[in-house]
Amino acid sequence: MVDQLVAMDADVAVIVNPGWIPITWRAVESAHPTGRFLRRVGRFFVVSRTAIRSMRRIVAKGEIQAMEITLETEDGALLPRTIVVVDLPSDLAVNRSESLRNLAAGISTAFGSAEEARSRIDLLVGDLNTTPRTPELGLIIPGFNDVFTKVGRGWGGTWPRDRGWLRIDFALAPQDRVPASVETFDPGGGGHRGLVIRYRRP
């Protein structure tokens, strides 16, 4: 899995629940330095060509977790400066709508208001463990859209990894910051397919 991710050569890679991946990736970087910045906080691991200014947990309510990642991007850069990464519970007994409402409240509190969150966040990604038709998706950050419905490629299913028939991992962005494309890829391990988000067409 690490070999695949390194070969992808992404400007930024975010891994949720990375397990042993950070240790292996650090070993790869030690043997063949690329200048990438690596940082892990809790269940989130980031690899970036751009310096990571900060990572802060903005929501931690039981199994509802969200991390704000701020990168040292230049003004006018195509890549997002502020990314929020989310991991919601997968337990089938958990009410999905309630989880999304709690996430929305947590993000609003962390940024001071929903309006402030909308102005500062460029991209929200993660395992929302819900489906595209869930009405509360639009409440997480009001004004953010499901990127796949705008620029998605392929079927878009992210679970289970080997078949990818259900889309439960999302990228959300405001209308003026929608990326060029989003598609899935099979990392070769784990339970989910990953999302590849491009801000410039190849």
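Colleague: In this predicted model, which side chain meets R101 in a salt bridge?

Modeller: Since the model is predicted, side-chain atom pairs count only at pLDDT 80 or more. R101 lies in helix 3, and its partner sits in the loop between strand 7 (123-127) and strand 8 (144-146), 35 residues apart from it. The N to O distance in this salt bridge is 3.3 Å, and the side chain that R101 meets is that of E136.

Colleague: Which residue forms a salt bridge with R49, and how many residues apart in sequence are the parts that the pair ties together?

Modeller: The partner of R49 is D11, with the closest N and O atoms 3.8 Å apart. Because R49 lies in the loop between strand 3 and strand 4, and D11 in the loop between helix 1 (2-8) and strand 1, the pair ties together parts whose separation in sequence is 38 residues.

Colleague: Which residue of strand 3 is the bridge partner of V12?

Modeller: Strand 1 (residues 12-16) pairs with strand 3 in the antiparallel sense over five bridges, and strand 2 (residues 37-41) also pairs with strand 3 in the antiparallel sense over five bridges. Five of the five residues of strand 3 (residues 44-48) are buried, with F44, V46 and S48 pointing one way and F45 and V47 the other. Whereas V41 has F44 as its bridge partner in strand 3, the bridge partner of V12 there is S48.

Colleague: Which element gives the most residues to the largest nonpolar core?

Modeller: The largest nonpolar core has 21 residues, and those with the most contacts inside it are V84, L103, I107 and I140. Two or more residues come from each of strand 4 (52-61), strand 5 (64-71), strand 6 (82-87), helix 3 (96-111) and strand 9 (169-174). With four residues, the element that gives the most to this core is helix 3.

Colleague: About what area has the nonpolar surface patch that includes W159?

Modeller: W159 lies in the loop between helix 5 (147-151) and strand 9, and its relative accessibility of 36% is why W159 counts as partly exposed. Together with W155 and W165, W159 makes a nonpolar surface patch of about 440 Å².

Definitions and conventions:
Residues numbered from 1 in each chain as written. Predicted model: local features only at pLDDT ≥ 70, side-chain atom pairs only at ≥ 80, totals over all residues. Heavy atoms only, no water. Buried < 20%, exposed > 50% of the residue type's maximum accessible area, 1.4 Å probe, protein only. Pairing = 2+ DSSP bridges. Core = buried A, V, L, I, M, F, W, Y, C linked by side-chain atoms within 4.5 Å. Patch = residues over 30% accessible without salt bridge, like charges linked within 9 Å, V, L, I, M, F, W, Y side chains within 5 Å. Areas by Shrake-Rupley, 256 points an atom, 1.4 Å probe, with all protein chains shown as cover. Salt bridge = Lys/Arg side-chain N within 4 Å of Asp/Glu carboxyl O.
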